[in-house]
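Please look over the sequence and the 3D structure shown here. The briefing that follows goes through them topic by topic.

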Amino acid sequence: MKALVYRGPGDKGLEERPKPQILQPGDAIVRMVRTTLCGTDLHILKGDVPTCAPGRILGHEGVGVIEAVGAAVTAFRAGDRVLISCITACARCDYCRRGMPSHCETGGWILGNAIDGTQAEFVRIPHAETSLYPIPAGADEDALVMLSDILPTGFECGVLNGKVAPGGTVAIVGSGPIGMAALLTAQLYSPAEIIMIDLDPHRLEVARRFGATHVIDSGAGDAAAQVMALTGGRGVDTAIEAVGIPATFQLCEDIVGPGGTIANVGVHGCKVDLHLETLWSRNITITTRLVDTVTTPMLMKSVLSGRLDPARLITHRFTLDTIMDAYDVFGQAARHQAMKMLITMAEG
């Protein structure tokens, strides 16, 4: 089968690999139909994720058709169309029972990291019964690909951890795909203001169309001062960090108001300074989280009902044969006005 393989920092390629086989009774083999690229894949390619070894097939998102199941799988059968969760959950270990499957003792974020992932024609899914979701007939599968990771990540790590509430003020630092997912899902809680901050004017314009009440071009002036002006000097109730670099976390520290929450979503590959000398007295909460995908069933219902439309995040479409071009576009997102890449495989 064809697969996109991580060969080491800065090196990747489309290769021929053996089709995966059932290894455990709870496994399923899924023939991929659609997948996408994630900012985390770019972090892997930069060498920021040491748990991902060279030779790994990348990817942790997508929808597909079950090809085969292990002897312990009774909820699915060959031919079922399924959504693949980026988090593999055994549903039995202590972490899973505490609602933290991201730290599952035999799962967690392993696809495209510790085991081969979804940017291939076939993928093996461990703990299939609790790591796959059935797709109803007629569902928009392009939209559902966004439910593998990006939508629950923006929602759980940003909106829920950030305690977004009706009437509150929210600033989202970074209007890339994760920031946009946080923007879309934050509106479920009716905050009074959602301020999007980015260097890219095009993305800020998209954010305004997606529901941001204010946008700030951080390259055109002091973003923190602009946020303070918009909030009457108080700062925001929720600051969501959706980039993963020191400067954007620093900006969140600068704009969070007393009693507010900084919800970190970005993947950080280097040291970030925490300025307790200015935050210690301000009743600030700082949260970190790896997505658990425990909200996927709720978000799926919202997408199927039309309340959420994450397909709006898709800007470019490629095939598996042209996935190297997709990475080139995704790696230069501002130049190509890119958000999410949809990668499709031939069916049949």
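The model is predicted: local features need pLDDT of at least 70, side-chain atom pairs count only at pLDDT 80 or more, and totals for chains, interfaces and linings use all residues. Residues are numbered from 1 along each chain as its sequence is written, and side-chain values use heavy atoms, with hydrogens and water left out. Helices (H or I, at least four residues) and strands (E, at least two) are DSSP runs, numbered from the N terminus.

**Salt bridges**

- Side chains of opposite charge can pair when their charged atoms come close.
- A salt bridge is counted when a side-chain nitrogen of Lys or Arg lies within 4 Å of a carboxyl oxygen of Asp or Glu. This rule gives 17 salt bridges.
- Asp321 and Lys2 form one of them, and their closest N and O atoms are 2.6 Å apart. The pair links distant parts of the chain, 319 residues apart: Lys2 is in strand E1 (residues 2-8), while Asp321 is in the loop between strand E15 (314-319) and helix H11 (323-331). Lys2 has 28% relative accessibility, so Lys2 counts as partly exposed.
- Asp11 and Arg7 also meet in a salt bridge, at 4.0 Å from N to O. Asp11 is partly exposed at 35%, and Arg7 is partly exposed at 38%.
- Arg289 pairs with Asp292, with 3.2 Å between the closest N and O atoms. Is Asp292 buried or exposed? Asp292 is buried, because its relative accessible area is 5%.
- A network of salt bridges links Arg34, Arg81, Glu141, Asp142 and Arg317.

**The second largest pocket**

- Pockets are found on a 1 Å grid over the protein atoms alone: a pocket is an open set of points with protein on both sides within 12 Å along at least five of seven lines, and lining residues have an atom within 4 Å of a point.
- Grid points are joined across faces, edges and corners, and a volume is the space filled by probe spheres set on the points. The second largest pocket has a volume of about 240 Å³.
- Residues that line this pocket include Pro25, Gly26, Cys90, Arg92, His127, Glu129 and Thr130.
- Ala, Val, Leu, Ile, Met, Phe, Trp, Tyr, Cys and Pro count as nonpolar, Asp, Glu, Lys and Arg as charged, and the others, Gly among them, as polar. The lining of the second largest pocket has six nonpolar, three polar and two charged residues.
- Thr130, one of the lining residues, is in the loop between strand E7 (122-125) and strand E8 (132-134). Thr130 is partly exposed, with 35% relative accessibility.

**The largest nonpolar core**

- A nonpolar core is a set of buried Ala, Val, Leu, Ile, Met, Phe, Trp, Tyr and Cys residues joined through side-chain atoms within 4.5 Å.
- The largest such core has 83 residues, of which Val30, Leu132, Ile172, Met180, Leu183 and Met341 touch the most other members. Helix H5 (residues 177-186) gives the most to this core, with six residues.
- Domain 1 (2-149 + 292-344) and domain 2 (152-288) both contribute residues, so this core lies between them. The domain bounds come from an automatic or database domain assignment.

**Positive phi angles**

- Ser190 is not a glycine, yet its phi is positive, near 55°. Ser190 sits in the loop between H5 and strand E10 (193-198) and is partly exposed at 48%.
- Gln337, also not a glycine, has a positive phi of about 50°. Gln337 lies in the loop between helix H12 (333-336) and strand E16 (340-344), and its relative accessible area of 44% makes it partly exposed.

**Distances along the chain and in space**

- Phe122 is in strand E7 and is buried at 14%. How many Å separate the C-alpha atoms of Phe122 and Arg31, which are 91 residues apart along the chain? The separation is 4.5 Å.
- Thr130 and Ala186 are 56 residues apart in sequence, and their C-alpha atoms are 27 Å apart in space.
- Ala224, in helix H7 (residues 223-230), is buried at 13%. Ala224 and Ile150 are 74 residues apart in sequence and 27 Å apart from C-alpha to C-alpha.

Terms used:
Buried means under 20% relative accessible area, exposed over 50%, partly exposed in between (1.4 Å probe, protein chains only). On a 1 Å grid over the protein atoms alone, a cavity is a set of points where a 1.4 Å probe fits but cannot get out, and a pocket is an open set with protein on both sides within 12 Å along at least five of seven lines; lining residues have an atom within 4 Å of a point.
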